[in-house]
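This report describes selected features of a single protein chain. Please examine the sequence and the structure shown below before reading on.

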Amino acid sequence: MTITTEALREFIKDNFLFGREPDFSDDDSFLDMGLIDSTGVLELVGHLEREYRIKIEDDDLVPENLDSIDRIVQFVVSKQAAAWC
């Protein structure tokens with residue numbers, strides 16, 4: 001399955017904003033907004049692994065990969081591309 005910003009926004013809306021509409025841009029930092037805590041990161045990782053059939057290693061758990069919608073989309077696309085090689 002291909003990840004989209006819309007699908008990711010919907011997941012964040014349902015799981016972290018409890019149905020409220022997201023009021024941030026795709027490149028805003030989740031950490032700076034206080035949107036996702038350490039438990040939320042684990043929930044996000046589980047979702048990404050299940051939904052997009054990727055394996056996220058401990059070394060991947062850095063803000064450069066998971067701190068905004070844009071970063072997550074780029075990360076998932078690169079993980080999926082690497083799996084095809």
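Which residues does Met33 touch, not counting residues up to four places away in sequence? With contact taken as heavy atoms within 4.5 Å, Met33 touches Phe24 and Asp28.

## Basis of the description

This is a predicted model, in which local features need pLDDT of at least 70 and side-chain atom pairs count only at pLDDT 80 or more, while totals for chains, interfaces and linings use all residues. Residues are numbered from 1 along each chain as its sequence is written, and side-chain values use heavy atoms, with hydrogens and water left out.

Met33 belongs to helix H2, residues 30-33. Helices here are DSSP runs of H or I with at least four residues, numbered from the N terminus. The relative accessible area of Met33 is 36%, so Met33 is partly exposed; buried means under 20%, exposed over 50%, and partly exposed in between, with a 1.4 Å probe and protein chains only. Met33 and Arg53 are separated by 20 residues in sequence and by 28 Å in space, C-alpha to C-alpha.

## Aromatic pairs

A pair of aromatic rings is described by the distance of the centres and the angle of the planes. Rings of Phe, Tyr and Trp (its six-membered ring) pair if their centres lie within 6.5 Å; planes under 30 degrees apart count as stacked, over 60 as edge-to-face and the rest as tilted. The structure holds 2 aromatic pairs. In one of them, the ring centres of Phe11 and Phe16 are 5.9 Å apart and the planes are at 80 degrees, so the pair is edge-to-face. Both Phe11 and Phe16 are buried.

The rings of Phe24 and Phe30 are also edge-to-face, because their centres are 6.1 Å apart and their planes are at 85 degrees. Phe24 is buried at a relative accessible area of 12%, and Phe30 is buried at 2%. Arg9 lies over the face of Phe24, at 4.8 Å from the ring centre; a charge sits over a ring if NZ of Lys or CZ of Arg is within 6 Å of the ring centre and within 35 degrees of the ring normal.

## Helix H3

Helix H3 comprises 15 residues, 38-52, which should span 21 Å at 1.5 Å a residue; the end C-alpha atoms are 21 Å apart, which agrees. The expected span is 1.5 Å times one less than the number of residues. At the start of H3, a side-chain oxygen of Asp37 reaches to within 3.2 Å of the backbone nitrogen of Thr39. H3 is followed by Arg53, whose phi is positive, near 50 degrees.

The buried residues of H3 include Gly40, Leu44, Leu48 and Tyr52. Among the elements that cover the buried residues of H3 are helices H1 (5-15), H4 (63-66) and H5 (69-84).

## The nonpolar core

A nonpolar core is a set of buried Ala, Val, Leu, Ile, Met, Phe, Trp, Tyr and Cys residues joined through side-chain atoms within 4.5 Å. The largest one has 22 residues, and those with the most contacts inside it are Leu8, Ile12, Leu48 and Ile72. H1, H3 and H5 each give two or more residues to this core, and H5 gives the most, with 5 residues.

Leu8, in helix H1, is buried with a relative accessible area of 0%. Beyond four places in sequence, Leu8 touches Ile3, Leu44, Leu48, Ile69, Ile72 and Val73. Leu8 and Leu48 are 40 residues apart in sequence and 9.3 Å apart in space, C-alpha to C-alpha.

Conventions: Polar contact = N/O pair within 3.5 Å; in protein donor to acceptor, adjacent residues only side chain to side chain.
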